[in-house]
Number of protein chains: 2
Amino acid sequence: MIDMSSGLSCPLPITDYKQILLAHGGGGTLTQQLVRKMFLSQFQNSYLEPLHDGAVITIGGARLAFSTDSYVVNPIFFPGGDIGELAVNGTVNDLAMCGARPLYLSAGFIIEEGLAMEDLWRVVLSMQEAAKSAGVLLVTGDTKVVDRGKGDKIFINTSGIGVIDEGIDVTPKRARPGDRVILSGPIALHGIAVMSMREGLEFETQIKSDTAALNSLVMDMINASKDIHVLRDPTRGGIASALNEIAGSAHVGIEVVEEKIPIPDDVKGACEILGLDPLYVANEGKLIAFVAPEAADAVLASMRKNRYGTDAVVIGEAVAAHAGIVIMTTAIGGHRVVDMLSGEQLPRIC
Amino acid sequence: MIDMSSGLSCPLPITDYKQILLAHGGGGTLTQQLVRKMFLSQFQNSYLEPLHDGAVITIGGARLAFSTDSYVVNPIFFPGGDIGELAVNGTVNDLAMCGARPLYLSAGFIIEEGLAMEDLWRVVLSMQEAAKSAGVLLVTGDTKVVDRGKGDKIFINTSGIGVIDEGIDVTPKRARPGDRVILSGPIALHGIAVMSMREGLEFETQIKSDTAALNSLVMDMINASKDIHVLRDPTRGGIASALNEIAGSAHVGIEVVEEKIPIPDDVKGACEILGLDPLYVANEGKLIAFVAPEAADAVLASMRKNRYGTDAVVIGEAVAAHAGIVIMTTAIGGHRVVDMLSGEQLPRIC
């Protein structure tokens with residue numbers, strides 16, 4: 001236990017907030033500040049690379065990716081998926097974004113007293129289905145129950161281990177000028193599916209979450225070329241936050257073309273009704289890749305053959321200018337700076 | 001997503017409860033039933049050994065232990081520790097109980113909106129202190145924030161990876177008749193420390209949680225002898241539940257002697273006031289070992305030299321008779337069956 005009465009050696013880092021806000025979990029600016037000031041300042045080590053989806057560790061000659069994610073999505077069942085499937089796919093994707101082959105997952109359940117046994121069963125079946133489909137095994141777990149009103153139905157943590165094969169080096173720091181920025185398909189589906197349900201909105205066609213395990217897509221891409229520098233699944237904070245994080249990590253500028261970014265019409269409509277910018281809305285089955293220019297065609301072709309990359313497209317490139325800043329050429333030919341998400345537009349979306 | 005409308009292939013397993021009760025998280029009979037009927041029935045694989053503290057997996061020639069645990073203790077600061085320290089030590093111990101050297105931990109935070117930044121900072125400092133003391137690195141993390149009233153200050157999941165050295169094979173299944181049962185020190189401190197605070201009880205001396213990382217103790221034991229068959233930290237459900245789980249896994253009987261089990265007087269007094277049986281109260285810095293009889297003296301001697309095992313003592317042995325059942329010789333010379341914890345006596349103790 002830390003004696004806080006002395007407290008002089010480790011004062012609370014300067015922060016503008018005396019309490020945690022929802023926005024601290026939003027994946028945007030405040031999340032970054034919290035992670036940097038609170039966690040990274042203390043847990044300093046070379047593995048803890050800021051803002052990567054997992055840590056890369058070496059054990060017995062093997063390079064492993066190790067990742068963790070907690071899922072608190074509300075509602076727990078939503079169009080196109082549920083919290084169980086999301087928890088498996090999300091951690092599989094975090095490992096895949098390190099260039100790893102995901103192998104083993106853990107599952108930690110925090111259940112609110114009173115959860116219907118039937119609901120838990122649906123979640124468990126869904127996790128097993130997702131694990132089987134992604135080719136990973138759930139090998140260890142833990143269950144806690146909290147009193148009614150001290151949780152919200154069910155929260156699930158999944159952590160995972162994957163193996164990174166020889167010659168693969170995928171990390172946000174590796175983006176460099178000239179890299180093509182590839183997006184694997186249409187954006188904002190997951191966030192809008194969850195929000196529509198929460199807000200009771202109905203559209204002509206039901207918008208479904210894109211939750212999916214992307215490890216097979218990543219393996220196809222790696223088989224096409226090892227010159228993949230960065231992989232990132234744009235979840236909380238959407239593609240805008242993901243691109244900003246990469247620009248910051250690699251000290252490059254990023255230029256994207258609005259017209260190239262696929263957004264389904266019904267998603268656009270929902271975003272207008274909800275007052276959301278689709279660039280900031282969470283995805284759960286999409287990835288962004290930074291690929292050496294000479295490898296881009298081969299990687300793109302390999303993606304389009306995979307069911308999770310049929311609509312893959314180059315949306316822009318990394319540049320030497322305006323390091324750390326993401327600029328979008330708009331549909332009408334103007335330019336706008338695409339910032340990190342500030343504040344919180346979509347609490348508890350994943 | 002699972003289509004539940006058909007639902008015929010995977011009906012909800014027969015259970016006596018339509019909703020989750022607090023007791024499903026208590027570490028006793030209902031927790032076992034939930035784990036067996038819900039989780040093990042679906043997530044079937046050879047790694048998922050029922051009731052072991054972690055999974056043992058082989059990657060690149062190395063045997064690794066992989067473990068996960070969520071911490072929901074209430075209150076988050078208690079005499080002798082806090083949720084951060086507990087989260088680090090608990091997962092370090094789960095790995096150590098697999099005979100592994102714990103190396104890397106992840107940390108997943110689920111924070112309730114409104115948590116004082118100062119409290120989060122105390123928890124983070126405490127985690128880092130505990131990690132340093134145990135010789136492990138926190139290498140990856142995740143932060144989620146849930147709306148006020150949908151969580152309880154902070155829940156922490158820690159998952160961990162450790163390496164199991166050559167020649168070590170520690171698992172509940174390996175207990176066999178003749179094995180000496182060693183307990184590393186006095187019991188029930190953690191549970192009583194937390195409960196006393198929660199109930200506003202005061203005793204002449206403050207009872208402090210025993211939270212500690214036991215990996216150095218385990219390494220000392222292993223260096224003394226490889227003939228350690230089982231290691232278990234008796235957390236939720238206390239030593240009674242831990243012994244029952246081992247008896248069940250290994251199909252052996254267990255006989256323990258009440259007088260040998262060290263229980264401090266103030267803990268005894270608190271248990272009487274609270275109506276608790278100390279055998280069922282959680283420990284967070286103790287272990288039970290099943291050791292081949294010829295190795296028991298050496299292992300015991302090694303434990304007593306370690307600061308976390310100075311009071312280590314043989315409390316009984318495994319026997320061929322009454323397989324699966326734990327019998328205690330009481331102080332007055334009678335015998336009583338020591339069952340699994342049924343129901344829930346101490347919610348949210350860890």
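Helices here are DSSP runs of H or I with at least four residues, strands are DSSP runs of E with at least two, and both are numbered from the N terminus. The model is predicted: local features need pLDDT of at least 70, side-chain atom pairs count only at pLDDT 80 or more, and totals for chains, interfaces and linings use all residues. Residues are numbered from 1 along each chain as its sequence is written, while chains are lettered from A and ligands numbered from 1 in the order in which they are written.

Begin with a loop of chain A. A:His322 lies between β12 and β13 of chain A. This residue is not a glycine, yet its phi is positive, at about 30 degrees.

In chain A, 7 strands make an open sheet in the order β9-β11-β8-β12-β10-β13-β14, and the pairing is mixed. Two strands count as paired if DSSP finds at least two bridges between them. β9 (228-232) and β14 (335-337) of chain A are the edge strands, each pairing on one side only. On average, neighbouring strands are turned by 25 degrees against each other, direction ignored. Angles run from 0 to 180 degrees between N-to-C directions, and axes are lines fitted to C-alpha atoms, for helices over the stretch in contact.

One pair in this sheet is β10 (residues 253-257) and β13 (residues 326-329) of chain A. These two strands run parallel and are joined by 4 bridges. A:Val257 faces A:Thr329 in β13(A). Helix α8 (residues 296-304) of chain A packs on the sheet. α8(A) touches β8 (180-183), β9, β11 (288-291) and β12 (313-319) of chain A, and its direction makes about 5 degrees with that of β8(A).

α8(A) also has a helical partner. Helix α5 (residues 215-224) of chain A packs against α8(A) at about 145 degrees, with the axes 8 Å apart. The crossing of α5(A) with α8(A) is right-handed. A crossing is right-handed if the near helix is turned clockwise from the far one by less than a right angle, and left-handed if anticlockwise. α5(A) contributes A:Leu217, A:Asp220, A:Met221, A:Asn223 and A:Ala224, and α8(A) contributes A:Ala298, A:Val299, A:Ser302 and A:Met303. Contact means that the C-beta atoms of two residues, placed from the backbone, lie within 7 Å. The residues of this contact divide into 6 nonpolar, 2 polar and 1 charged. Ala, Val, Leu, Ile, Met, Phe, Trp, Tyr, Cys and Pro count as nonpolar, Asp, Glu, Lys and Arg as charged, and the others, Gly among them, as polar.

Now turn to chain B. Its open sheet of 7 strands has the order β9-β11-β8-β12-β10-β13-β14, with mixed pairing. β8 (residues 180-183) and β11 (residues 288-291) of chain B pair in the antiparallel sense over 4 bridges. Here B:Leu183 stands opposite B:Ile288 in β11(B). Helix α6 (residues 238-250) of chain B packs on the sheet, touching β8, β9, β10 (253-257), β11 and β13 (326-329) of chain B. The direction of α6(B) makes about 150 degrees with that of β10(B).

α4 (residues 189-199) and α7 (residues 265-274) of chain B pack at about 50 degrees, with their axes 10 Å apart. They are therefore oblique to each other. The cut-offs are under 35 degrees for roughly parallel, over 145 for roughly antiparallel, 65 to 115 for roughly perpendicular, and oblique for the rest. α4(B) passes α7(B) in a left-handed crossing. Residues in this contact include B:Leu189 and B:Ile192 of α4(B), and B:Val267 and B:Ala270 of α7(B). The contact holds 7 nonpolar, 1 polar and 1 charged residues.

Two local features remain. In chain A, β1 and β2 pair in the antiparallel sense over 5 bridges. They form a hairpin with 2 residues between them, and A:Gly60 in the turn has a positive phi of about 55 degrees. A:Ile59 stands opposite A:Ala62 in β2(A). A cis peptide bond joins A:Asn74 and A:Pro75, with omega about 5 degrees. A:Pro75 sits in the loop between β2 and β3 (77-78) of chain A.

Finally, the two chains together. The contact takes 83 residues from chain A and 83 residues from chain B. On the chain A side, these residues divide into 42 nonpolar, 27 polar and 14 charged. Of the interface residues of chain A, 100% are also interface residues in chain B, so the copies meet through the same surface.
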